Amino acid sequence: AIFLKSTETGDKIKWKAGEAVPYGALAAAFAEIEATTKRLVILEILTKLFVTVIERSPDNFLRVIYLCINRLCPDYEGLELGIGEGLLLKAIAQGTGRDMKVIKKDLEAKGDLGLVAIGSRAKQPTMFKPAPLTVPAVFKQLKEIADMSGNKSQDRKIGGIKKLLAASQNDEPKYIIRSLEGKLRIGLAERTVLVALAQSIVLTGAKKQKKRLDTEEMANEIARGTEVVKAVYSELPNYDLVVPALLESGIDGCRAACKLTPGIPLKPMLAKPTKAITEVLDRFEGKAFTCEYKYDGERAQVHFFATTPSTAPKTKLAVFSRNSENMSLKYPDLVEQVPRCIKPDVKSFVLDAEVTAWKKEEKDDKGEIHPARLLPFQELSRRKRKDVKAEDIVVKVKLFAFDLLYLNGEPLLHLDLEARRKLLREHFQPVPNEFDFATSQDCTTVEEIQTFLDISVKEGCEGLMVKMLAGEDATYEPSRRSMNWLKLKKDYLSGTGDSLDLVVIGGYYGKGKRTNVYGAFLLACYDADSETYQAVCKIGTGFSEADLDAHWSTFKPLELSSKKGYYDVGEAKPDVFYEPKVVWEVLTADLSLSPVYTAAKGLVDSRGISLRFPRFIRIRDDKDPDDSTSPEQIASMYRAQATTNKSGGKGEAED
Ligand code: ATP
């Protein structure tokens, strides 16, 4: 295998069975992957690496997987890389004895911190060759760095990074720095890692059992194994559990052992936008479907389960966000309320629901009664994200459950919505001002849907969710944006289209009255395949003075000394770039082809796509930058608009 040689020197990498995986082997595999864009070649390199790791150093396999996806633990544990540019520059300067000014210049020229690190290491005189880095050592050090917090943590982080740099050779510094930065940028998507994982387990399993399979049989086994591994991981997104189960008991054993487990959040099912009620009927005509209110709050996956020891089980309740972030500390009131909606026979469950801001029925001074009602999302977004104290809570919350994914030890994902909804209604009970089932109606005609949509909006909802109700298309599909769930927002019908969630990557200094703030911002979508942020528009309207002041305090500390290597901004020229941290929801009048911006370039045209007249709606702090709108979504919005308004994209966007 090629990855057993250093790509820089051509030297053989020493790695015997039973030894730790040399980090050089991983770096060499990364370099090979980076050098190609062919998905099948990437898959082959990775599968070969994985097979070798399983055969020689199976104990290291889990850590190899984590380093390939550039994570340190399951998402919901919240330990992340993504060290800021300033800190990395300092560490490279101090670690290699180069002047900060020179390093910054170098970064401007090379546009990639990883290359700056390699260049700086190469210029450094070394007395003796350091002992080769191993995968466990690098993983441990990265974890320690990510874990450091509190007093002097910045200095300690720099210390940790310097240690790693000092021990790194050849092109290792490049991948170490990029890992720390949070983006490997070798064109390796997580779904390719999952496929390589499945393939390597099937191949090593067949070898171990001395199974003689012909090419076709092997291809079938691999295809089946891949499907199983993907399905298992979408139910139980935790490599700590899935990888050991695969190593110990193979594909089928893992399928039997790894099921949806309360306490481990799964990625929620998502909906496709629709522009017209007729589109809903085109999709669902002749099939059973249901319409539900689309509440304007925050997605909440509520888990309830017994904790060990099993002799004296205690129950635990956890609330996870759309992003698998634990929100139990944000919603202590919800955690306290939920047990009251559970019927006595319920021992464990996973609910899919929306938490909303809620106002109880009130009598005013004149004795007039104001009925209970939903409050807009903004009321909810005022809450802190952590450490909310019961006495500080001003706005009450009410939970609206729309799905049941697990009940009393059994995953329900494979059941259809009708069956899941029946179980939900049988085992839970409405509690005034605290809990209810999502209001639903099984409509069949345009008129019925229109009437129900109008009522939902009058009651304070965003519109409707329309869902397949029965049959095999009505199962729960974790992490999928599915055609079996459509969203119908009132906004779409008025012609403005779906909103986009975009990352703020740059700023333009204000002019006139706005000289002390940024007057406009550069927004980008995220392409997971190339791990790049692609610029999509400049936005300068929709902000109040107070908004602009707040944005200044948010973005000033995120300013970068130069553009990130993974920002693909085309001709856009903001005054400053920022670390990619903040996601905004934005509405647009329409989308058009653009010679300036790069979003979705090559998907519908050789030009990119831009938003015309973008308008700021709100900050989406429940979304990570990597969860923002994708180029594919932007391309399909552009196409959908071209079919509804026959003139297509009107003109080109201006900077
Ligand atoms: P959006 O900006 O529309 O919330 P999104 O990308 O977060 O987009 P979508 O799948 O597009 O998610 O829209 C579904 C969202 O609507 C869910 O994530 C959930 O928070 C919310 N929601 C409100 N009511 C319902 C419901 N009855 N069924 C499903 N989701 C609902």
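1. A residue is called buried if 20 or more other C-beta atoms lie within 10 Å of its own, exposed if 12 or fewer do, and partly exposed in between, with the C-beta atoms placed from the backbone. By this rule Ser324 is buried, because 20 other C-beta atoms lie within 10 Å. Ser324 is found in the loop between strand S4 (314–320) and helix H14 (332–337), and it has a positive phi of about 70 degrees although it is not a glycine.

2. The model is predicted, so local features need pLDDT of at least 70 and side-chain atom pairs count only at pLDDT 80 or more, while totals for chains, interfaces and linings use all residues. Residues are numbered from 1 along each chain as its sequence is written. Helices (H or I, at least four residues) and strands (E, at least two) are DSSP runs, numbered from the N terminus.

3. Ser479, in the loop between S13 and S14, also deserves attention. Its phi is near 65 degrees, a positive value in a residue other than glycine, and Ser479 counts as partly exposed because it has 15 C-beta neighbours inside 10 Å.

4. Five strands form an open sheet with mixed pairing, in the order S1-S14-S13-S2-S12, where two strands pair if DSSP finds at least two bridges between them. Strand S1 (270–273) and strand S12 (440–441) stand at the edges, each with a single partner strand, so one side of each has no neighbour in the sheet. Within the sheet, strand S2 (residues 289–294) and strand S13 (residues 463–468) pair in the antiparallel sense over six bridges, and the partner of Glu292 in S13 is Met465. Helix H17 (residues 446–458) packs on this sheet and touches S2, S12, S13 and strand S14 (481–489), contact meaning that two C-beta atoms, placed from the backbone, lie within 7 Å.

5. Glu462 lies in the loop between H17 and S13 and is partly exposed, with 19 other C-beta atoms within 10 Å. Not counting residues up to four places away in sequence, Glu462 touches Lys294, Asp296, Lys489 and Lys490.

6. The ligand is surrounded by 14 residues, of which the closest are Leu270, Ala271, Glu292, Arg299 and Phe402; a residue is near a molecule if its C-beta atom, placed from the backbone, lies within 6 Å of it. S1 and S2 are the elements that give two or more residues to this shell, and S2 gives the most, with three residues.

7. Helix H1 (23–34) is mostly covered, since 11 of its 12 residues are buried, and what covers them includes H2, H3, helix H7 (135–147) and helix H9 (172–181). The 12 residues of H1 should span 16 Å at 1.5 Å a residue, which agrees with end C-alpha atoms that are 16 Å apart; the expected span is 1.5 Å times one less than the number of residues.

8. For helix H2 (residues 39–56), whose 18 residues should span 26 Å, the end C-alpha atoms are 26 Å apart, which agrees. Among the buried residues of H2 are Ile42, Leu46, Phe50 and Ile54, and what covers its buried residues includes H1, helix H3 (61–69), helix H10 (190–208) and helix H12 (239–257).

9. Strand S22 (residues 608–612) has four of its five residues buried, so it is largely enclosed by the rest of the structure. Five bridges join S22 to strand S21 (residues 590–594), and the two run antiparallel; Asp590 has Arg612 as its bridge partner in S22.

Technical notes: Axes are lines fitted to C-alpha atoms, for helices over the stretch in contact, and angles run from 0 to 180 degrees between N-to-C directions.
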